[in-house]
2 protein chains.
Amino acid sequence: MTKYVYLFKEGNADMRSLLGGKGANLAEMTNLGLPVPEGMTITTDACREYYAAGKQLPAGLREEVEANLKTLEAQTGKRFGDAACPLLVSVRSGAVFSMPGMMDTILNLGLNEDTVEGLAKATNNKRFAYDAYRRFIQMFSDVVMELPKYEFETILSDQKDAQGVKFDQELSAESLRVIIDEYKDLYLMRVGEPFPEDPREQLFRAIEAVFRSWNNDRAIIYRNLNKIDHDLGTAVNVQSMVFGNMGDDCGTGVAFTRNPSTGENKLYGEYLTNAQGEDVVAGIRTPQPIAKLESEMPEIFTQFNNIALTLEKHYRNMQDIEFTIEKGKLYMLQTRNGKRTAAAAVKVACDLADEGLVTKEEAVLLVEPEQLHQLLHRQISPSAKVDVITKGLPASPGAACGHVVFDADDAEARGKKGEKVVLVRMETTPDDIHGIIEAQGVLTSRGGMTSHAAVVARGMGKPCVCGCESLKVDYNTKTIMVKDTLIKENDIITIDGATGRVMLGEVELEEPKLSDEYIKLLGWANEVKALSIRANADTPEDAAKARSFGAEGIGLVRTEHMFMAQDRLPFVQQMILAESKAERIEALAHLLPMQEGDFYGILKAMDTLPVCIRLLDPPLHEFLPSQEELVIETTRLEALGSDPQRLAEAQDLLKQVKKLHEANPMLGHRGCRLGITYPEVYEMQMRAICQAAARLAKEGLTPLPEIEIPLTISAEEMAFFKPRIDRIAAEVMEETGAKFHYSVGTMIEMPRAALLADELAEYAEFFSFGTNDLTQTCLGFSRDDAEGKFLGDYLAEKILKENPFAVLDRKGVGKLMKIATTGGRATRPNLVAGICGEHGGDPDSIAFCHEIGLDFASCSPYRVPIARLAAAHAALKG
Amino acid sequence: MTKYVYLFKEGNADMRSLLGGKGANLAEMTNLGLPVPEGMTITTDACREYYAAGKQLPAGLREEVEANLKTLEAQTGKRFGDAACPLLVSVRSGAVFSMPGMMDTILNLGLNEDTVEGLAKATNNKRFAYDAYRRFIQMFSDVVMELPKYEFETILSDQKDAQGVKFDQELSAESLRVIIDEYKDLYLMRVGEPFPEDPREQLFRAIEAVFRSWNNDRAIIYRNLNKIDHDLGTAVNVQSMVFGNMGDDCGTGVAFTRNPSTGENKLYGEYLTNAQGEDVVAGIRTPQPIAKLESEMPEIFTQFNNIALTLEKHYRNMQDIEFTIEKGKLYMLQTRNGKRTAAAAVKVACDLADEGLVTKEEAVLLVEPEQLHQLLHRQISPSAKVDVITKGLPASPGAACGHVVFDADDAEARGKKGEKVVLVRMETTPDDIHGIIEAQGVLTSRGGMTSHAAVVARGMGKPCVCGCESLKVDYNTKTIMVKDTLIKENDIITIDGATGRVMLGEVELEEPKLSDEYIKLLGWANEVKALSIRANADTPEDAAKARSFGAEGIGLVRTEHMFMAQDRLPFVQQMILAESKAERIEALAHLLPMQEGDFYGILKAMDTLPVCIRLLDPPLHEFLPSQEELVIETTRLEALGSDPQRLAEAQDLLKQVKKLHEANPMLGHRGCRLGITYPEVYEMQMRAICQAAARLAKEGLTPLPEIEIPLTISAEEMAFFKPRIDRIAAEVMEETGAKFHYSVGTMIEMPRAALLADELAEYAEFFSFGTNDLTQTCLGFSRDDAEGKFLGDYLAEKILKENPFAVLDRKGVGKLMKIATTGGRATRPNLVAGICGEHGGDPDSIAFCHEIGLDFASCSPYRVPIARLAAAHAALKG
């Protein structure tokens with residue numbers, strides 16, 4: 001028969017999934033010989049059984065609880081329901097993962113009209129006993145019976161008014177007696193039966209209430225949010241009461257073994273004498289810092305300090321400890337790993353390792369990769385006063401402050417002059433990039449976490465709040481309405497990309513500081529990780545930034561970002577609109593030296609490290625004016641008949657744009673398809689790369705360009721391009737007399753490329769998984785369309801567990817990646833394989849890349865430290 | 001050592017790949033004891049060696065040819081190069097597959113100044129000998145040396161002028177001698193050396209010329225067109241000459257063992273007395289029908305007739321035979337399987353089986369599936385006079401004739417009145433469907449073989465010529481300019497969708513007739529095929545048509561085609577633009593009875609056969625007016641300021657349309673994603689299907705609806721819909737008291753669905769591969785964009801061998817299909833799996849579906865017979 005109930009001394013910390021976190025730790029402390037009030041834990045098995053049986057307590061559970069109560073009675077010398085010396089218990093939920101949504105605690109259970117008198121006699125304190133009873137009825141009615149709290153509060157405050165007192169503790173025993181009676185009347189009226197006098201009935205009802213609270217709305221929402229399995233169930237802890245409010249030799253407190261804000265190795269916490277836990281929360285008296293305990297109760301302090309050290313050593317982690325002092329005796333009520341800030345996490349991890357408590361590997365695992373975010377971006381100063389006017393999506397972390405501008409050109413012009421501006425748009429497009437570069441941050445009223453603004457801003461490490469729908473942006477009047485607030489151009493706002501907050505005025509910001517411990521810890525991460533971490537960068541500045549963050553190469557240079565630059569766009573457009581190959585080659589001749597300069601700068605910044613350069617990828621119409629704007633212009637000019645020459649020009653351009661129009665540009669004429677139809681475009685880029693490498697080689701540096709063909713679906717495409725690259729490289733070496741190393745590979749971003757990877761690897765020396773497009777094609781989800789239209793419903797209906805553009809879809813996209821890696825390496829065992837794009841910076845996705853044996857992951861420069869740590873975690877956990 | 005040369009008696013018909021088709025058949029006839037002039041075949045091995053060695057004849061080849069020449073000399077009693085009794089030979093190419101692009105024949109090789117005199121003496125006919133020599137020089141110069149033909153023709157015609165004669169055969173021996181000398185002078189001048197006198201030199205140069213002709217431009221184009229491997233190489237046949245032009249007891253002819261037009265079992269062909277093969281082609285004398293030979297040379301006729309019977313029996317197929325009669329002796333020069341019309345193919349196959357010459361299975365293999373096309377559509381009457389003004393792409397077979405209309409509404413209105421119209425558009429959209437339905441055929445100036453017009457027309461079995469770029473269609477003036485011809489609305493044109501021809505005026509058409517043999521043969525096909533053949537049909541009429549063609553079910557009912565109907569579109573639009581669920585449900589209530597009626601009709605037409613109904617698939621904006629038209633309208637109204645109310649309405653609609661606009665609709669909010677976001681839409685369709693089935697069940701019929709969820713990517717979607725269908729079916733059965741069978745499945749059209757098929761099969765009872773969309777996502781090719789933009793270059797550069805939308809991409813899409821079928825059946829062994837969409841009617845794709853063990857293939861009704869035959873071929877060949 002299943003055992004449903006464990007005495008604390010029967011359990012241990014490893015039994016977390018059966019006993020819950022709290023129960024397991026109480027058991028562990030008991031077995032360490034620490035002073036823990038006696039108790040028992042009802043298992044999560046019992047909870048699961050309860051639900052499986054249609055909300056019936058499992059057979060045998062009652063009997064087991066009774067038997068264990070007997071043991072508790074023997075241990076405490078008290079008896080449950082005994083009028084003379086009553087055993088009182090607390091009942092607490094205790095899930096495997098801490099869950100604030102659930103029922104927390106019922107104290108003083110076991111009190112009734114008999115036992116309350118016994119308690120009064122035993123403590124020689126009638127007021128204390130009645131107060132305990134009053135609290136119990138109130139808690140039981142609230143959490144077990146779900147009666148409206150305020151009705152009880154009203155009785156309490158009415159009585160205080162009647163007695164002319166202000167605080168609960170000023171009420172006399174007699175007044176409390178009146179309250180108890182009124183509570184019971186209210187209970188009878190609301191429930192239709194009297195408040196239970198039988199302590200056993202109280203207990204089993206409380207146990208059931210804990211089980212039920214597992215599935216209340218708050219708990220379900222919390223689990224969804226934190227991706228906790230709904231089938232785990234909760235344990236229930238039944239523990240004999242100790243009281244911190246029986247006099248001045250009593251007290252209660254909470255302490256961390258180290259400072260959770262800074263990580264400083266010093267006991268940190270607070271306590272109240274003559275108080276119960278809820279009194280601390282009520283905030284009537286200000287708690288004392290824990291250090292004060294040393295002078296107030298030196299022996300207790302020494303004992304507590306030793307226990308804290310013991311627990312930290314035992315758990316090999318900073319602990320968060322709850323304790324109570326009853327009549328000069330210390331009791332431990334809870335211990336758990338303490339939550340901490342990123343800075344503290346890094347310091348604690350390093351210190352624990354330095355102190356020899358944990359290994360370097362364990363230290364690395366003590367910091368969550370995503371936490372590093374906090375350390376890498378400017379933040380709102382914690383002491384700053386903020387006026388939050390609205391919230392959007394936290395699209396790219398960091399805080400920014402500046403004058404509102406509505407136009408990318410303005411942002412660029414003013415930004416270049418050194419002014420601080422925040423670019424506000426309904427949404428951004430590739431046309432806005434030059435403005436985003438010069439702005440402090442970006443705020444949009446439309447678009448999700450993977451909208452253009454969000455992706456670009458994250459790539460640049462620029463703060464961004466997007467999809468802020470309460471903003472009514474009006475480009476004509478250059479104003480924003482937010483509810484009743486009007487924001488005009490040039491007004492100053494502050495945005496916090498980590499939380500999505502938008503604030504009026506200038507708010508004090510704090511620069512990121514990277515501590516010695518941070519550098520040490522990231523160094524340890526490097527020692528253990530298997531994945532090489534690269535960055536995506538399109539400029540020498542980004543490349544240098546990435547290198548400073550520890551990037552071990554560039555995983556993706558997007559050459560089209562260079563094409564978007566204002567000084568190049570005219571030539572790019574000339575190239576696109578060319579009516580002959582000769583005309584196109586002429587335009588390309590202008591672009592060649594510019595591209596060579598781009599590549600020179602990046603390769604130089606990454607000297608001796610690999611730089612993967614993707615040849616032109618986006619459809620050509622992205623470089624032309626919008627079709628709709630041209631339609632509007634021509635229609636208007638036609639209707640007005642006022643400017644025939646302008647009309648003719650616009651019509652002509654519209655015709656060209658329409659020729660390039662595509663029904664589904666994502667699946668259209670882009671990537672290497674451009675290189676097949678216009679080989680001269682790709683050849684210009686190949687030459688620019690080779691010339692840049694040759695220049696650097698002559699300067700004595702070691703450029704390592706990797707030339708990447710995007711959007712392939714077949715070996716035949718590689719067979720088309722590979723000889724061209726080899727020819728051009730040979731020509732450049734011949735022309736310059738310089739030798740340099742280069743390699744040729746492809747992005748795997750179409751399912752067919754993954755399926756035919758064995759053939760592609762005949763020509764490709766490396767693969768880089770473009771998981772953004774691979775996700776789009778594998779799932780048939782247009783990223784631009786999915787987010788606004790149906791992805792929300794897919795997540796709400798739990799058809800997908802995660803946004804597949806944020807967290808790699810292991811089952812689908814991941815399966816293709818496995819097929820491709822296996823296939824590619826079968827052909828070419830030393831094939832280099834990696835991932836670029838958004839997923840390359842996501843810890844869960846990085847773990848998967850490690851699992852399937854990729855060589856590198858590439859992400860935006862600002863995520864490099866996170867990715868390094870995530871890669872180390874993957875290696876240590878794998 | 002490799003043997004490069006085989007005497008005819010050393011070979012046989014099975015050695016085709018080594019000896020080529022012609023050589024293998026000459027060997028076979030020789031061994032059958034038929035009168036074949038002696039000869040040898042140089043193998044395809046030798047040709048491949050020739051190319052492998054950089055165009056050098058392989059070592060040992062010369063010696064082998066010499067040795068075999070000796071045997072020829074012994075057999076014929078003549079000697080090669082002997083002045084007294086010269087052996088003359090023909091040299092012919094002979095590839096494995098017949099290849100008109102290659103060098104064909106050199107006759108009379110072995111003649112020189114000595115042997116020509118010997119020939120004159122031996123035949124006692126100087127004129128004959130000189131004429132033979134003249135012809136040889138001309139052929140050798142042309143096909144071996146590639147000298148310009150017309151220069152030789154000029155010498156010949158100059159001489160005829162000089163002699164005042166009209167025909168070659170009027171030239172005297174003396175004149176021919178003059179011509180020979182002038183030919184030789186010309187040769188010397190052009191080549192720089194004298195015409196080769198040495199017969200051996202002539203021979204080896206001719207052999208090399210045949211090898212070279214394997215890779216001339218025409219041959220390469222032909223092989224590309226017919227998908228023949230470029231590495232096969234050609235054989236060369238060297239055969240001793242016989243002459244049909246040595247007198248009236250000589251002759252030459254060609255005959256089929258049966259009528260190649262009708263299949264009638266009667267010798268069919270023609271011959272000329274006293275003539276060589278080329279004379280028949282020259283058309284100076286009209287050849288005699290072969291029957292005439294019976295009276296003219298009764299013994300020869302009997303002998304030939306017997307040989308024909310022997311060959312047909314031996315090859316178990318209709319033969320195409322070439323023969324020559326030299327001085328009263330019959331020689332066989334070639335036999336091969338005869339080309340035939342579709343009607344003849346069907347009749348010959350049936351007759352051969354009935355005669356016991358072949359089995360039923362072999363008979364089925366004697367007809368190519370694609371040939372059946374000819375039998376199933378109206379055609380231009382073979383006797384009709386046609387005035388072809390231009391040609392477009394042959395997009396949907398069949399001929400149609402009618403008045404030109406430019407608008408789908410006109411087409412519908414006039415078509416419904418019984419008028420015959422041809423709809424002419426620049427391109428068609430889903431808005432034009434009602435017009436296409438009522439038109440005789442469709443002609444477009446833009447769009448490829450898979451454009452909207454082409455796909456829809458093929459689906460309806462309606463003739464269509466598309467991409468006819470020489471048409472300048474002007475909707476305003478309602479005219480078409482084709483070069484200099486003006487076609488006005490209402491003019492009559494005829495189009496031939498099988499050839500792409502566009503003709504002025506009414507051309508006589510011929511109705512398709514399906515013979516008894518056709519029905520018999522398709523019956524045999526059904527006996528052997530494993531794949532069930534279904535049709536795609538959206539109306540009861542199409543379903544009935546499909547059933548009459550032998551469809552064994554409906555593989556795809558596209559419910560959106562019903563939504564497009566003029567009487568429904570307003571409700572569909574109301575549903576789309578609904579601002580609340582209640583409003584949407586009201587619109588759906590109007591659609592429910594209409595949809596029920598649709599399904600009732602189709603299920604009734606297919607009583608007892610499965611009907612797979614796909615729930616709504618396309619993005620909703622397809623049902624709304626075009627965004628560009630609305631932009632134009634609002635801009636114009638705004639500029640003119642004339643009609644504020646109209647403007648407000650248009651702006652409002654534009655806003656709605658923009659809200660639904662998608663960047664990549666193919667990957668957008670469509671398919672079951674609509675059913676997730678608007679469950680009520682799918683529930684209406686589920687109910688309509690169930691109600692229709694219930695009505696039929698009550699009428700005593702056996703409807704077999706299969707409810708198909710489109711565009712799934714996960715089991716979770718099926719888990720969302722399956723219980724809804726089961727609930728609605730149960731409700732309808734409860735409400736009506738009728739019982740009916742139904743099943744629930746999904747279309748596999750996204751890579752992720754294929755990869756996760758094992759999970760999908762937990763819920764899906766059937767899979768239907770939507771290979772159109774699977775091709776789009778697997779390759780990342782938007783069908784609408786690829787064809788006009790880059791697919792042409794991909795095919796030209798041989799990056800893809802086939803248009804993947806026409807012929808299933810086995811390597812990529814096929815691999816996903818295999819993964820899905822294997823995965824699905826691992827979960828559900830009795831899973832029904834099939835293919836729908838364009839590939840379902842393509843024989844090569846059908847063969848693949850058979851190979852991977854699918855259960856059915858579904859295609860347009862008119863392709864059902866082709867698919868049945870293709871499925872039978874697949875089963876017999878597999």
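A salt bridge, as the term is used on this tour, is a side-chain nitrogen of Lys or Arg within 4 Å of a carboxyl oxygen of Asp or Glu. Keep in mind throughout that the model on your screen is predicted.

Lys529(B) sits in the loop between α19 and β24 of chain B, while Glu552(B) belongs to the loop between α20 and β25 of chain B, so the pair ties together parts that are 23 residues apart in sequence.

**Second stop: two buried pairs**

Stay in chain B and select Arg614(B) together with Glu560(B), whose side chains meet in a salt bridge of 2.7 Å, N to O. This pair links distant parts of the chain, since Arg614(B) lies in strand β26 and Glu560(B) in helix α21, 54 residues apart. Both Arg614(B) and Glu560(B) are buried.

Now move to chain A and pick Asp598(A) and Arg568(A), a salt bridge in which the closest N and O atoms are 2.5 Å apart. Here Asp598(A) is in helix α23 and Arg568(A) in the loop between α21 and α22 of chain A, 30 residues apart. Asp598(A) and Arg568(A) are both buried.

Next, colour residues 319-326 of chain A, which make up strand β9. Of its 8 residues, 7 are buried, so the strand is largely enclosed by the rest of the structure. On one pairing, strand β6 (residues 251-256) of chain A runs antiparallel to β9(A) over 6 bridges, and there you can find Val254(A) with its bridge partner Glu322(A). Strand β10 (residues 329-337) of chain A is also antiparallel to β9(A), joined to it by 8 bridges, with Gln319(A) standing opposite Asn337(A). The strands β9(A) and β10(A) form a hairpin with 2 residues between them, and Lys327(A) in the turn has a positive phi of about 45°.

**Last stop: the two chains together**

Finally, show both chains: a rotation of 179°, with 0.1 Å of shift along its axis, superposes chain A on chain B with an RMSD of 0.2 Å. The two copies are therefore related as by a two-fold rotation axis. To locate this axis, select Asn664(A), whose C-alpha is the nearest to it in chain A, at 2.2 Å.

Notes: Residues are numbered from 1 along each chain as its sequence is written. Chains are lettered from A and ligands numbered from 1 in the order in which they are written. This is a predicted model: local features need pLDDT of at least 70, side-chain atom pairs count only at pLDDT 80 or more; totals for chains, interfaces and linings use all residues. Side-chain values use heavy atoms; hydrogens and water are left out. Buried means under 20% relative accessible area, exposed over 50%, partly exposed in between (1.4 Å probe, protein chains only). Helices (H or I, at least four residues) and strands (E, at least two) are DSSP runs, numbered from the N terminus. Two strands pair if DSSP finds at least two bridges between them. Copies are superposed by least squares on the C-alpha atoms of residues with pLDDT of at least 70 in both.
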